[in-house]
Amino acid sequence: MAGRIVMRTGEALVEGDKDYLCAEPEIVIGALDGPVGTALATLVGDQVKGHTRVFAILNSDVQVKPATLMVSKVTVNSSRYTGILMGSVQAGIANGVLDAVREGLIPKDQANDLGIIYSVWLDPSVLNVPPEQVDHAGLFQVNREATVKVIRKALANDPSIDWLLENQDKVTHYFHQLGVEGKI
């Protein structure tokens with residue numbers, strides 16, 4: 001993608017083979033000297049108990065570029081949940097961001113000038129799985145894959161408005177349908 005990226009949005013879903021192996025990120029990506037940068041800086045400086053915002057890192061002291069701020073969709077109130085979110089999930093997201101740069105989705109020459117606000121969801125049911133049975137490799141992989149997918153969709157403006165208008169009556173919202181069927 002050539003030119004300045006002011007602000008794009010995206011949403012994606014990647015599911016694994018276990019109920020808790022699901023990544024459904026929502027992102028905002030854009031220039032750090034624009035509205036995305038302002039929002040990112042505001043979020044970093046306005047921490048909220050249970051929804052701490054952290055940068056995606058490969059490991060302590062190794063932040064990825066573009067700067068990617070993870071914001072949890074779930075209230076974090078367990079050290080075990082925190083360990084999984086800030087371990088396997090964060091590592092998957094960090095690697096996915098770098099994969100997107102390597103793939104050319106994010107221009108390498110803009111990596112220092114862009115920011116990503118990454119709304120991350122880790123299914124709380126993972127806490128019902130015995131610690132030795134949690135599939136950390138699976139969590140890493142679905143989040144890595146979902147990160148590349150959501151960046152690709154955001155930067156390509158996918159789905160297009162034409163597709164949405166053409167398919168509006170063909171797409172059924174999963175949880176709405178469960179509600180209609182009396183299952184939730």
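These questions and answers walk through a predicted model, taking its helices and then its loops.

Residues are numbered from 1 along each chain as its sequence is written, and side-chain values use heavy atoms, with hydrogens and water left out. In this predicted model, local features need pLDDT of at least 70 and side-chain atom pairs count only at pLDDT 80 or more, while totals for chains, interfaces and linings use all residues.

Colleague: Are α2 and α3 parallel, perpendicular or oblique to each other?

Modeller: Helix α2 covers residues 79–102 and helix α3 covers residues 136–155. Their axes come within 7 Å and cross at roughly 40°. Angles under 35 degrees count as roughly parallel, over 145 as roughly antiparallel, 65 to 115 as roughly perpendicular and the rest as oblique. The two helices are therefore oblique.

Colleague: How many residues of the contact of α2 with α3 are nonpolar?

Modeller: Contact means heavy atoms within 4.5 Å. Residues of α2 including Ile 84, Val 89 and Ile 93 meet residues of α3, among them Leu 139, Phe 140 and Ile 151. The residues of this contact divide into seven polar, two charged and, as the nonpolar count, 10.

Colleague: Which residues of α1 are buried?

Modeller: Buried means under 20% relative accessible area, exposed over 50%, and partly exposed in between (1.4 Å probe, protein chains only). Helix α1 spans residues 35–45. Thr 38 and Gly 45 are exposed, on the other side of α1. The buried residues are Val 36, Gly 37 and Leu 40.

Colleague: What covers the buried residues of α1?

Modeller: Strands do part of this. The cover includes β4 (26–31), β5 (53–55), β8 (67–72) and β9 (114–120).

Colleague: Is Gln 90 buried or exposed?

Modeller: Gln 90 is found in helix α2. Not counting residues up to four places away in sequence, Gln 90 touches Val 54, Phe 55, Ala 56, Ile 57, Met 70 and Leu 85. Its relative accessibility is 6%, so Gln 90 counts as buried.

Colleague: Which residue does a cis peptide bond join to Lys 65?

Modeller: Most peptide bonds are trans. In this bond omega is about -5°.

Colleague: Where is Asn 157?

Modeller: Asn 157 has a positive phi of about 55°, although it is not a glycine. At 44% relative accessibility, Asn 157 counts as partly exposed. Its place is in the loop between α3 and α4.

Methods: Axes fitted to C-alpha atoms, helices over the stretch in contact; angles between N-to-C directions. Helix = DSSP H or I, 4+ residues; strand = E, 2+ residues; numbered from the N terminus. Nonpolar A, V, L, I, M, F, W, Y, C, P; charged D, E, K, R; others polar.
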